[in-house]
Amino acid sequence: MNKKHAECWHNREIIFHPVGVIHSEHHEQENTPIQGVFNPSIGYVEVFPEFAEGLRDIESFTYLYLLYWFDRATDVCLLQKPFLDGEKERGIFAIRHFNRPNPLGLSIVRLLEVKENILKVEGVDVLDGTPLVDIKPYVRQFDHRDEVKSGWVDEKHLDDIAAWNSTPKELRNRDRTNT
């Protein structure tokens with residue numbers, strides 16, 4: 001490892017500028033799905049006009065990665081109880097909670113329609129008005145992996161998770177401590 005690289009970047013600032021905004025039916029963190037794969041919620045990604053040309057050919061993809069800023073995150077917590085496990089604190093880099101050192105979010109959404117600079121998407125798990133940092137296409141040949149371990153999540157009994165109302169509020173009301 002080259003210590004020079006770490007020294008160069010330690011405590012430096014990196015600045016992002018939004019390329020758009022995500023619109024959804026979700027207005028409260030407590031009632032927003034924790035993962036879009038279990039929620040067919042429809043939303044819209046508004047790409048600012050100066051970036052609209054970058055959407056060329058995007059309609060040929062089924063899924064997109066949305067990278068966004070958790071603009072309503074509250075505190076940085078390096079240890080946090082995940083929504084799917086109310087029993088044990090986990091390291092923030094081993095969970096997907098929004099209170100992170102750099103509150104970046106990542107969602108995979110299904111692209112339904114493109115109209116000029118507006119993308120209609122399905123599986124939105126983001127608060128309305130969230131600033132969009134970037135869009136990347138999901139490419140099966142690059143992004144799919146076999147023989148995947150999912151850490152502590154594999155230890156939880158989540159076979160029926162698709163039937164849950166997977167919002168922070170509902171998950172707090174579930175018994176999430178059984179394995």
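## Cysteines, core and a buried serine

At 37% relative accessibility, cysteine 8 counts as partly exposed in this model, which is predicted. Cysteine 77 falls into the partly exposed class as well, with a relative accessibility of 23%, and the structure holds zero disulfides. Serine 41, by contrast, is buried, because its relative accessible area of 5% lies under the 20% limit.

| Residue | Relative accessibility | Class |
|---|---|---|
| Cysteine 8 | 37% | partly exposed |
| Cysteine 77 | 23% | partly exposed |
| Serine 41 | 5% | buried |

Serine 41 is found in the loop between strand S1 (20-23) and S2, where its side chain makes a polar contact of 3.1 Å with the side chain of histidine 26. Leaving aside residues up to four places away in sequence, serine 41 touches Glu25 and His26, together with Val121, Glu122, Gly123 and Val124.

The largest nonpolar core comprises 20 residues, of which Val45, Leu66, Leu119, Leu132 and Ile135 touch the most other members. At least two residues of this core come from each of the strands S2 (42-47), S3 (63-69), S6 (104-115), S7 (118-122) and S8 (130-137), and S3 gives the most, with three residues. Leucine 119, one of the core residues named above, touches Gly43, Tyr44, Val45, Leu55, Ile58, Leu64, Leu111, Glu113, Val114 and Ile135, again not counting residues up to four places away in sequence.

Note on methods:
Residues numbered from 1 in each chain as written. Predicted model: local features only at pLDDT ≥ 70, side-chain atom pairs only at ≥ 80, totals over all residues. Heavy atoms only, no water. Core = buried A, V, L, I, M, F, W, Y, C linked by side-chain atoms within 4.5 Å. Buried < 20%, exposed > 50% of the residue type's maximum accessible area, 1.4 Å probe, protein only. Helix = DSSP H or I, 4+ residues; strand = E, 2+ residues; numbered from the N terminus. Contact = heavy atoms within 4.5 Å. Polar contact = N/O pair within 3.5 Å; in protein donor to acceptor, adjacent residues only side chain to side chain. Disulfide = S-S within 2.5 Å.
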